[in-house]
Amino acid sequence: MTEVLPAAEALSRAVELLRAGEVVALPTETVYGLAGDATSGTAAARIFEAKGRPRFNPLIVHVSSMVMADEIAVFDPLSRKLAAAFWPGPLTLVLPLRPGSRVHPLVTADLGTVALRMPRGFASGLIAAFGRPLAAPSANSSGRVSATTAQAVVADLGDRIPLVVDGGATPVGLESTIVKVSDGRILLLRPGGIGADEIEAVAGVPLERGAKGVQAPGMLASHYAPGAAVRTDAASVRDGEALLAFGPRRIAGAERARAVLNLSPAGDLREAAANLFSHLHALDRSGAATIAVEPVPHAGLGEAINDRLARAAAPRDVPAVPE
Ligand code: TXA
Ligand code: MG
């Protein structure tokens with residue numbers, strides 16, 4: 001069984017496990033991550049094993065300083081500007097791997113690029129104490145919704161990992177936004193915890209969407225699926241459904257829902273993002289076969305929320321991009 005330690009008491013035990021090539025589930029400001037030494041093939045293999053993840057899905061590498069980031073990747077001026085503006089924080093940059101970098105090829109799936117991010121909070125202190133970058137996908141089994149609490153990690157992966165660090169509910173609640181700069185253009189590979197509008201305001205160029213090909217190989221259509229079916233943009237609640245609500249006004253039939261949770265009664269997208277995965281988990285546990293979801297606006301963080309809802313609603317095991 002896994003050990004659960006509060007973040008304030010977990011640092012030395014976590015470092016000890018990482019040195020041994022083990023994996024540790026830990027809080028970041030976005031979602032919980034399943035972390036291992038990014039320079040170790042054993043640690044990377046353990047991550048894939050614990051997640052049951054398709055092997056060739058590359059992992060995000062987390063750093064605690066720009067010095068560490070520069071050792072791993074080659075920054076163009078625009079990527080550096082975005083890092084300066086948003087790090088530490090929920091932005092991941094896909095960059096060319098620096099030749100001679102110690103990041104293990106299993107971590108990058110040998111793509112020649114690396115997804116890099118500087119997190120806030122416990123993760124950042126741990127990376128600094130460990131002295132090496134950490135590879136960390138979201139701490140959930142492959143194809144399930146990301147965990148935003150230590151309890152969700154324990155329920156999903158508890159029998160497969162030695163330590164879960166409990167830092168409470170993650171403040172952002174959605175994975176990081178992933179972008180890739182190419183010839184001065186910025187491709188949005190995954191909407192996430194920083195709105196596209198915020199990035200555009202710093203970059204001075206619009207984000208480009210719909211990049212073709214295998215840009216973010218983990219973006220399978222049904223990547224965020226709970227056990228129940230999910231019906232988005234619902235206009236009314238059908239018999240037996242649970243309801244994931246948004247804002248102050250309910251859709252028709254809400255009173256007959258088997259269970260109701262509201263992402264944000266005030267209609268605040270930041271609050272909705274923070275609640276999304278935990279509410280999906282909870283409604284899934286209500287036993288309803290289907291979760292009806294009220295419409296959520298698409299502006300700002302709404303883009304990432306709607307992206308995750310669409311994936312949760314997609315037919316299972318259908319790739320969104322050719323693999
Ligand atoms: O907020 C987050 O990003 C969380 C926390 C733990 O940092 N991590 C996370 O990791 O969401 P994960 O593995 O669940 O999602 C990472 C995504 C995957 O879709 C993967 O395919 C993509 O990043 N990715 C990783 N390396 C890449 C690369 N070199 N090029 C393109 N996409 C990459
Ligand atoms: Mg994930």
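Helices (H or I, at least four residues) and strands (E, at least two) are DSSP runs, numbered from the N terminus.

This is a predicted model, in which local features need pLDDT of at least 70, side-chain atom pairs count only at pLDDT 80 or more, and totals for chains, interfaces and linings use all residues. Residues are numbered from 1 along each chain as its sequence is written, chains are lettered from A and ligands numbered from 1 in the order in which they are written, and side-chain values use heavy atoms, with hydrogens and water left out.

**Exercise 1. Describe how helices α9 and α10 pack.**

Step 1. Locate the helices: α9 covers residues 269-285 and α10 covers residues 302-313.

Step 2. Take the geometry. The axes are 9 Å apart, and the angle is about 25°. Axes are lines fitted to C-alpha atoms, for helices over the stretch in contact, and angles run from 0 to 180 degrees between N-to-C directions.

Step 3. Classify the angle. α9 is therefore roughly parallel to α10. Angles under 35 degrees count as roughly parallel, over 145 as roughly antiparallel, 65 to 115 as roughly perpendicular and the rest as oblique.

Step 4. List the contacts (heavy atoms within 4.5 Å). From α9 come Leu269, Ala272, Ala273, Leu276 and Phe277; from α10 come Gly302, Ile305, Arg308 and Leu309.

**Exercise 2. Give the order of the 11 strands in the open sheet with mixed pairing, and find its edges.**

Step 1. Write the order: β1-β8-β2-β3-β7-β4-β6-β5-β9-β10-β11. Two strands pair if DSSP finds at least two bridges between them.

Step 2. Find the edges. β1 (3-6) and β11 (207-208) each have a single partner strand, so one side of each is left without a neighbour in the sheet.

Step 3. Start at β1. It runs parallel to β8 (residues 163-166), and 4 bridges join the two. Glu3 stands opposite Leu163 there.

Step 4. Move to β9 (residues 177-182). It is joined to β5 (residues 91-96) by 4 bridges, and the two run parallel. Leu91 has Thr177 as its bridge partner.

Step 5. Go on to β10 (residues 185-190). Here 5 bridges join β9 to β10, and the strands run antiparallel. Ile178 faces Arg190 across this pair.

Step 6. Look at the hairpin of β9 and β10. It has 2 residues between the strands. Asp183 lies in this loop. Its phi is positive, about 50°, although Asp183 is not a glycine. Asp183 is exposed, at 74% relative accessible area. The scale is this: buried means under 20% relative accessible area, exposed over 50%, partly exposed in between (1.4 Å probe, protein chains only).

Step 7. α1 (residues 7-19) lies across β1, β2 (24-27), β3, β7 and β8, and runs at about 130° to β1.

**Exercise 3. Which residues of helix α2 are buried, and what covers them?**

Step 1. In α2 (residues 41-51), the buried residues are Gly41, Ala43, Ala44, Ile47, Phe48, Ala50 and Lys51.

Step 2. Their cover includes β3 (32-37), α5 (105-108), β7 (134-135) and α7 (150-157).

Step 3. Inspect the ends. At the start, a side-chain oxygen of Ser40 comes to within 3.3 Å of the backbone nitrogen of Thr42. Just after α2, Gly52 has a positive phi of about 65°.

Key. A polar contact is a pair of N or O atoms within 3.5 Å; within protein, one must be able to donate a hydrogen and the other to accept it, and residues adjacent in sequence count only if both atoms are side-chain atoms.
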